[in-house]
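Hi there,

Here is the structure I promised to pass on.

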Amino acid sequence: MHSVSHQHPTTYTHDATACEECDLLVPATTLAVGEASDCPRCGHVLSRHLPQQERRPLAYGFAALIMFGLSNVFPFMSFSAKGLGQEMTFLQCITTLVDQGYLFLGAVLSLTLIGLPLVYIGSIMLVLWRLDKEMHSNALRSLGRLLCRIKPWLMVDVFLIGVLISLVKLMGMADIKMGLSFWAFVGYTLLLIKMISSLDRMWLWQRLFGRVEVQEPVPEASALQAGLVGCHICGALSEAGADTCSRCGDHLHQRKPGGLNRTWALLITSVILYIPANLYPIMDTVFLGDDSPSTILGGVILLWAMGSYPIAAVIFFASVVVPMVKILALLWLCFMVQRGEVSSPLGKLKLYRMTEFVGRWSMIDVFVVAILAGLIRLDNLMTIYPGPAAVAFAGVVLITMVAAMSFDSRLIWDLQQGERDRE
C-alpha cells in the first residue's frame, strides 16, 4: 500500500530499503538537506537529500538543451595544414562513420552522445514538471525506470576528453581551432553532469508514489534472510516471491537472473573481441598517398616518440590497461564466488566498484578515431579512416560494461553469511 505524504522541506525520510550492493537491510532514515544515508556494512550511498530537487534538475536540463542546440549550429573544430583546411560540425563525427560503412560505430555514437542523453534530459524534465499535475501512473513508472537504466550509458563527458586528446594529437602537424559549438558542447556536458548529480532516485520515487509501508526490517540481516527483496530501481522492499515492485513496477528477483553464467559468457565474448581489437589497425592515415595503419599500441608508441607523454599515458591506460584489468578483475571475482571464497568481501566489492566506474572511459579511443575521421578529410594531402579494430574495441567496452552490470555483488556477501550460518 502507498501513502503519499509531502515531507517538510528541510527533512526527508527515505524508506526502509535493502542495499543493492550487499543486500543488508537498512531502516528508514531521516535526512536533513545535504545529508546522505550510507549502508553501514559496505558504505554504498543509498540516498541523498539534495537541495531544491524539484527545481534544479529542470533548470540544468533546460540550459543543457539550449547548449546542445548551439553545439550543432556552429563549426565544432577546424583543421588547416599546408594551405588546406577543413571544418567539422559535431554531427560529422557520426555521419562520417556512417558514410564509410561503420554503421555500428555510428549507432553507438548516436545513442551515447545524442539519443540517450536527450531522452534522459527530456524524461527528467517531464517527470518533475508533472509532479503535482495529472499524469498516467504507468507512464510515470515507465519514464522513471527508463531514467535509471540509461544513466550508465551517457558518455558525453568521455567524448569531451576524447576531443581534448585529439586536439593534442593534431597540434604538432596542423593549426587547430575550436569553434563556438565546441564551447557550447563543453557547457552541455557540464550541465548534464550537474543535472544528474542534482537528483536522487529514491527521493524521486517517494515523491511520485509515496512511501512503501513494510514491517520494520530485522537489524543486521540481509533482505534474503528476512524473506524480503529490494528493488534496484526505486529501493522499495517487497515480500519474497513478489513478481513486480509495488511502487515502480519493475520485475523483482532475489538475485540477478542467469547467475554467474551470463557474466562468464559475456566475459569470454569480450576476451575473444579483445584479440582483434589489438591486432588490427584502429585507425588508417593516408598522407600524400602513403597508407599508414595504426594499432592501439602503435598509436601510443607514436605519441610517446613525439614527446606527448601525458596523452600517450592516458591512451595506454584507458585503451590497453583498463579493458584488460577490467576483464581480469571480473573473471577473478566470478571465479572466487564460484569456488565459495568467503574472505575479504569488502575488498572484492571495492574491486567490483572500480571495474564499474572505469569501464566506460575506455571508449575514449573510439571517440578519438571518430573525431579524427570526421575532421581530417583533405583528399589531396591527408585523410584518416577508422580501422576494423575500432568496431572490435567498441564491442569490448560495451560488452564488459554489460558483464559488470550482470554480475551480482550480493553473491559475495551471501558466501560470508553462509559461512556464519554454518558456524
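Let me start with phenylalanine 185: with a relative accessible area of 0%, under the 20% cut-off, this residue counts as buried. Please keep in mind that this is a predicted model.

Phenylalanine 185 takes part in two ring pairs that I found worth a look. With phenylalanine 90, the ring centres are 5.1 Å apart and the planes stand at 40°, so that pair is tilted. Phenylalanine 90 sits in the loop between strand E9 (84-88) and helix H2 (92-99), while phenylalanine 185 is in helix H6, so the pair ties together parts 95 residues apart in sequence. Phenylalanine 90 is buried too, at a relative accessible area of 1%.

The structure has 13 aromatic pairs. In the pair of phenylalanine 76 with phenylalanine 185, the centres are 5.9 Å apart and the planes are at 80°, so this one is edge-to-face. Here phenylalanine 76 comes from the loop between helix H1 (56-70) and strand E8 (77-81), 109 residues away from phenylalanine 185 in helix H6 (residues 180-197). Phenylalanine 76 is buried, with a relative accessible area of 0%.

Ring pairs also join these residues into a cluster, whose members include Phe159 and Phe367. Those two bring us to a helix contact: Phe159 is among the H5 residues, and Phe367 among the H12 residues, where the two helices meet. By class, that contact has 12 nonpolar, two polar and one charged residues. The axes of H5 (residues 156-171) and H12 (residues 364-375) come within 8 Å and cross at roughly 55°, which makes H5 oblique to H12. Their crossing is right-handed.

Best wishes

How values were computed
Residues are numbered from 1 along each chain as its sequence is written. This is a predicted model: local features need pLDDT of at least 70, side-chain atom pairs count only at pLDDT 80 or more; totals for chains, interfaces and linings use all residues. Side-chain values use heavy atoms; hydrogens and water are left out. Axes are lines fitted to C-alpha atoms, for helices over the stretch in contact, and angles run from 0 to 180 degrees between N-to-C directions. Helices (H or I, at least four residues) and strands (E, at least two) are DSSP runs, numbered from the N terminus. Angles under 35 degrees count as roughly parallel, over 145 as roughly antiparallel, 65 to 115 as roughly perpendicular and the rest as oblique. A crossing is left-handed if the near helix is turned anticlockwise from the far one by less than a right angle, and right-handed if clockwise. Contact means heavy atoms within 4.5 Å. Ala, Val, Leu, Ile, Met, Phe, Trp, Tyr, Cys and Pro count as nonpolar, Asp, Glu, Lys and Arg as charged, and the others, Gly among them, as polar. Rings of Phe, Tyr and Trp (its six-membered ring) pair if their centres lie within 6.5 Å; planes under 30 degrees apart count as stacked, over 60 as edge-to-face and the rest as tilted. Buried means under 20% relative accessible area, exposed over 50%, partly exposed in between (1.4 Å probe, protein chains only).
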